[in-house]
Amino acid sequence: MIRTLPNGLRVLPLRHGATPLVEARLHLPRPCRDRAGLAASTLLATCLSQRDDDVEMSAAADVHQITVTAYGPGLAAVTSALAQAARGTAPAEPGPARAQLAAQLTMVRAHPDVMVREWLARHLFGDHPATLQVRPEDLGPLPSRPFDPRGATLVIAGRDDPAALADAAGAAFAAWHPSASSRTPPAPLPALPAVDGGRIAALPLPGAPQSRIRLRAPAVPPEHPRYPALFLALNVLGGYLSSRLSASLREDKGYVYGVTTFFDTAHGGALLAVEADTAAATTGAALAALAAELRRMRTHPPTVEEIRSARAYALGSMATRLAPRAAIASALIDMAAKGRDPLLVLDFPRRLEAVPAPQVVAAAQEFFAPERFSGLLAADPAALPHHLAL
Amino acid sequence: MKRVTLGNGLRVVVEEEHSAPVAAVAVHYGVGFRGEGRPGLAHLFEHLMFDGHFQYVEGVGGFCNASTRQDYTDFYTVVPAGAVARVLNLEAARMRGPRITARAIRAQTSVVREEILGKTRKPYGGFPWPRLSPVLFRDAANAHDGYGDHASLRHITPQDCEEFFERHYSPANAVLTVSGDVRADAVLEIAAHAFGDIPARPAPPPVSYHEPLPSAAREAEYADPLAPMPALAAGHRVPDPATGAHFALSALAGLLTGGGRPRLRERLRRESGHTVTFSARVGLFDFLDARDPDLWVLTAVHPGELPAGRVLEAVDAELRALAADGPGEEELRRCRTAWLTAHHRSMDRVANRVRLLGRFELLFGDPWRVAGLPDAYAAVTAADVAEAASLLRPDSRALLRVAPRKG
């Protein structure tokens, strides 16, 4: 199903759905080790988003890569627009994009959620490049640097025959070669440091009416044999509205509008995430209720009925959420962009069905001990509990 | 696509779409925050209808949500296609009568409070909605804050809720829509069985919320201590959606603020060297999403060095230019293509499709209008856009300015 072109680009063509649009995603590795590098990537991504033709394009940059999204009515137009993006050259003079990006950064960085995310990354990962943040003053000139096709991945989804989709990609990207000076593709960034448990820090947000609880604990990556069992256990805890955390903190006690658990696989990591937003007055009570539910995952392990429901939810939501063509294309490229096999997405329902209940109980027993979690409590200083622990 | 009306007045719309093994069910009730009487009651009631529903739907592997808009409240559920019968039974159960207790009201009132905090206590929270409405409108139904405030919601009793349900949630005031990988005949049969014996109650008589156009420009300002830059929202009343004028108004929004080189951003960059972030649309929340009166709204976040007056001058200059000369043919063609692309992409999500069909039936009595949207948009001419631009006059505009944090 995956075709590798002579230049090294991996092409994953997919026939899916019935709409007349072609949806394509291009993952271009570009490791950034400092703010200047990340600023250049971010500025290039903004430039790539400013097209003035019939292909809709947007691009997002982080310290590892630029991911380009393109869609439109014409297969040839979409692939040729992406092949242009792979040259690493801004399609237009970058001045306007720089001003627009500076305004965006100013607005985004004012959002408390963004600030909290930055603090959490620094608290967990120290000075790893994953914690780099671009500021408007970092935006400089835009050097033109071609991308290397080795390590790049293209997902292309449409209603045509997959072979025709791959052929169109092959034709559009045939002239893309590694630059003469680079013998090997750029080395990826070092792995994230391990997350030690028991480090809950306070982030004072004077005057904040709402407090944010952000917790992380080590997990296993998606290809690991225990991942599907842990996935189901995490759903039982807080993955959906029928979960224990939602039942307790939202429906029963009314402490929160949102409480959620998920796998945080950003930056190639493999972490369990537990997050809740609550009013300042209920900060301590919400944290205590959350810790109680973590402990209960071990003292009252997931029941057969809870596991059945979590599995039905997981399988059903794979079907419903990945039905739109844009959604499946994005899911596949996200997996590739994390350095993992994109086909893991398509194989996941089979693995979920095969998990025996005792493995889910074992995962809950091992992974949910409160002392394994670290994270942040961002709140008004008066709302912070005296004792910051789970 | 099939459409029938059951004996109790419930309208049922079914569309077959077999590209993926999923289906969606929507129920639209003909009451939104304009018809709620007490501020926030329609939204709180939306929450109360969920007692237990999420758990059932997730148990069959789906997701569901709801929204409260000006003229309707909709509940929608997306599931693997095999679960549609079960979802129809769940919807019938809550149309028959939800269980509403004082305890549930207390819990959901605090959930609503958290939701409002989350949506308003952030940079540009509550901007432009609900803050723009009271600047443009005078009638409380149109002007008030549909979230409601926590203090007034606290006094709502189970009896208030029962009366609200009795009045607004009758089958005759509702539309049931199913779209996806289903057989229309089978769905109609299940729907007739599940909903057919819900007792008929009269639908409330239609109410017009029309009010006169503003006779002069109106203006308000508020401080947002979290906002890093000043912003403004300009609201204009628009003709009744039945006139068809919204298509050209939507194109106008796209020409001014969309695409790679939107007119407004380019003009201000040329004239002032500053970058302004614009967006515009027709419809307070969405395109053809409410009955009259609705509005055309433009927002701009601009640098402090560029006064709001300069931004508005640019808006008015572009509107005058478009009213006089219309857009260029190539410019209009790109705008149509971008709209069509966005439309196809949106319709590829069955939740969006089912909600559009349902609200077109509820608001306009015409679910078939959905299929005609691409043609209606393609028929917009440069002259239509020029006429639309001439409607948006500065002397009947509502202007809302956001003063950012100091320093």
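Tutor: Take V22(B). V22(B) sits in strand 3 of chain B, which covers residues 22–29. Keep in mind that this is a predicted model.

Is V22(B) buried or exposed? V22(B) counts as buried because 29 C-beta neighbours lie inside 10 Å; the cut-off is 20 or more.

Now the contacts. Leaving out residues up to four places away in sequence, V22(B) touches residues of both chains. From chain A come A319(A), T320(A) and A323(A). From chain B come V78(B), V79(B), P80(B), A81(B), G180(B), D181(B) and V350(B). I190(B) is 168 residues from V22(B) along the chain, and their C-alpha atoms are separated by 17 Å.

Next, the domains. The assignment for chain B gives domain 1 as 2–195 and domain 2 as 218–403. Their C-alpha centres lie 27 Å apart. Across the boundary, 33 residues of domain 1 of chain B are in contact with 35 residues of domain 2 of chain B. On the domain 1 side, the elements giving two or more residues are strand 2 (11–16), strand 3, strand 5, helix 5 (133–136) and strand 6 (174–180) of chain B. Strand 3 of chain B gives the most, with six residues. That is the strand of V22(B). By class, this side of domain 1 has 18 nonpolar, seven polar and eight charged residues.

Then the partner chain. Here 45 residues of chain B are in contact with 46 residues of chain A. On the chain B side, helix 2 (53–59), strand 5 (73–80), helix 4 (102–120) and helix 13 (329–347) each give two or more residues. Helix 4 of chain B has the largest share, seven residues. The chain B side divides into 20 nonpolar, 14 polar and 11 charged residues. Strand 5 of chain B is listed for the domain boundary and also for the side that touches chain A.

Last, chain A itself. Chain A has 12 helices and 11 strands. Its C-alpha trace spans about 60 × 50 × 35 Å along the principal axes. A compact globule of 390 residues would have a radius of gyration near 21 Å, and chain A agrees at 22 Å. Of its 390 residues, 50% count as buried. Among contacts in chain A with a separation of 6 or more, 77% join residues 24 or more positions apart.

Key:
Residues are numbered from 1 along each chain as its sequence is written. Chains are lettered from A and ligands numbered from 1 in the order in which they are written. This is a predicted model: local features need pLDDT of at least 70, side-chain atom pairs count only at pLDDT 80 or more; totals for chains, interfaces and linings use all residues. Helices (H or I, at least four residues) and strands (E, at least two) are DSSP runs, numbered from the N terminus. A residue is buried if 20 or more other C-beta atoms lie within 10 Å of its own, exposed if 12 or fewer, and partly exposed in between; C-beta atoms are placed from the backbone. Two residues are in contact if their C-beta atoms, placed from the backbone, lie within 7 Å. The radius of gyration is taken over C-alpha atoms; the globule rule is 2.2 Å times the number of residues to the power 0.38. Ala, Val, Leu, Ile, Met, Phe, Trp, Tyr, Cys and Pro count as nonpolar, Asp, Glu, Lys and Arg as charged, and the others, Gly among them, as polar. Domain bounds come from an automatic or database domain assignment.
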